[in-house]
Amino acid sequence: MGKGDQLLEHVLIKYRWLFVCFFLLPASFLYELWSYFRNLIVFKLSSAPGKHASKVQKVQQQVVFAKRAETFYFKRSASINIINIKTFPLTIIFFQVREWNKNGQQGHMCTARPGWQTMSFRQGLYKKSFYKVEVNLVDVLEIDTENKTVRVEPLVSMGQLSASLAPLGWTIPIVPEIDDLTVGGLILGTGIESSSHQFGLFQHICVEYELVLADGSLVTVTKDSDPDLFYAVPWSYGTLGFLTAAKIMIVPCTKFIKLNYKPVYSLNDAVKEFSEASASKNQFVEGIMFTLNKGVIMTGNMIDEPQPCDKVNKIGLWHKPWFFKHVESFLVTGKRASEILPLRDYYHRHTRSIFWELQDIVPFGNNRLFRLCMGWLMPPKISFLKLTQTDAVKRLYENNHIIQDMLVPITNLKESMQMFNKETKVYPIWLCPFKLPADPGMLCAPKERMFVDIGIYGVPDPSVNFKPMETTRKIEEFVQKCEGFQMLYADTYTTKEEFRRMFDHTLYDRVRSKLACTKAFPEVYDKVSRAARY
């Protein structure tokens, strides 16, 4: 590496905030503005439902081209729905046959969505070699208040969905807090929120899935119509078919929430207070630990309207302190406190600072002057941050940064915190309880149990001698011994055998065999393991 390259690498690493502030923030703002008005117009005109079938048809056509191009003229499968053979131009079919043969008749497919647009920390290597299928499905299709459901396409984001439902007095029971998280990612991967101690994971509020299968057929499944496929879809990471729509439960909501803050000053107290809150009837429960022994446990409930004496804290305003910093301030007073927040501000409370990740990218981002002047541009889009990462920045993150969510039984919370402190000493740490029902699937429990998501995001303390692979493997081994699970958006260093011990593949394997997925899609491990990403 020449001196010029070394200087550029130094600037890009040490002063990345320059690029973020003066390029990515304006670009992110313009993109969000365009997206907002585009979604608003489509929603108001109600044009999405009428176009959904034709968009799904295009997905089916691509799948048929990839898997059956050679024999399509000679025998049309009876299982292929909707597609009209007259809609297939000869030139397109011949082109697809040529491309398919040129690639050695490789059957594995994936979506054409670029890896940098996903929430996963790394981009998948498989995107370079698999047959890519365009699945551009981004709209809210139907809000059915009578049956209390909303039907959406897979690329609908949490910010988009909450903005569509809240003005009508409805919400989904679980609203993961980062705006850009999509319905498809939360179903095929997983999603969690501070209401999960009552409702479970995101998959547990879904009542119907629409998928294009490996043979090009379109199916709509519920737990009654096809329980095997219905319960196999979550955590399948697009290895059973292409999700084209989902129907999700909705519940009535108010405009405000009363949030209670309780500081704790020992690990024992933190575990006790958090466990009791998780078993309570509060609608929202979460914790943020700022050291091993100091944290704040929060509980909240929706309220109709603030009382005249209540002050509403609009934490979503651009000039307000980042939420985790606001929470940390209650450790200074040492007293319990309550305040009224707008519900949508609460739902997306961690978006502006991307939890606490943004403090490493823009160190002065929570400075009052910066918030007043440029806070309205925050945050930069995570996809743009990934897209503009240089190799030097990627190496820096890989060797000095950890992003993991570990799901362990709440009875193992204390020893888990001690273990993560010993191996990473990363703070703050996010705690979110969730109920795991005794449903079949990748996360299979013999009986309903309460778990906790321990979110570790940041730079490990130099004293722990952090080594990405060795440290993560120690954590994975510990979580597996606790009969816990690892969220798969982050680096997974388990072997295939270890992965299969952590996640129950019984139903998944049966469904893959039944739907002839082996040649069409890889296994989950082959898409999420560290070796499958770069």
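Glu 32 lies in helix H2 (residues 16-45); helices (H or I, at least four residues) and strands (E, at least two) are DSSP runs, numbered from the N terminus. The model is predicted, so local features need pLDDT of at least 70 and side-chain atom pairs count only at pLDDT 80 or more, while totals for chains, interfaces and linings use all residues. Residues are numbered from 1 along each chain as its sequence is written, and side-chain values use heavy atoms, with hydrogens and water left out.

Glu 32 counts as partly exposed because its relative accessibility is 36%; buried means under 20% relative accessible area, exposed over 50%, and partly exposed in between (1.4 Å probe, protein chains only). Leaving aside residues up to four places away in sequence, Glu 32 touches Asp 180 and Lys 381, contact meaning heavy atoms within 4.5 Å. Glu 32 and Lys 381 are 349 residues apart along the chain, and their C-alpha atoms are separated by 8.8 Å.

**Annotated segment**

The unreviewed UniProt entry places the feature "transmembrane region" at residues 15-34. UniProt positions are given in the numbering used here, feature names are shortened, and annotations may be inferred rather than shown by experiment. In the model, residues 15-34 are 95% helix and 0% strand, with the end C-alpha atoms 29 Å apart.

**The five-stranded sheet**

Five strands form an open sheet in the order S3-S4-S8-S6-S7, with antiparallel pairing; two strands pair if DSSP finds at least two bridges between them. Strand S3 (140-144) and strand S7 (218-221) are the edge strands, each pairing on one side only. Strand S6 (residues 206-212) and strand S8 (residues 242-249) pair in the antiparallel sense over six bridges.
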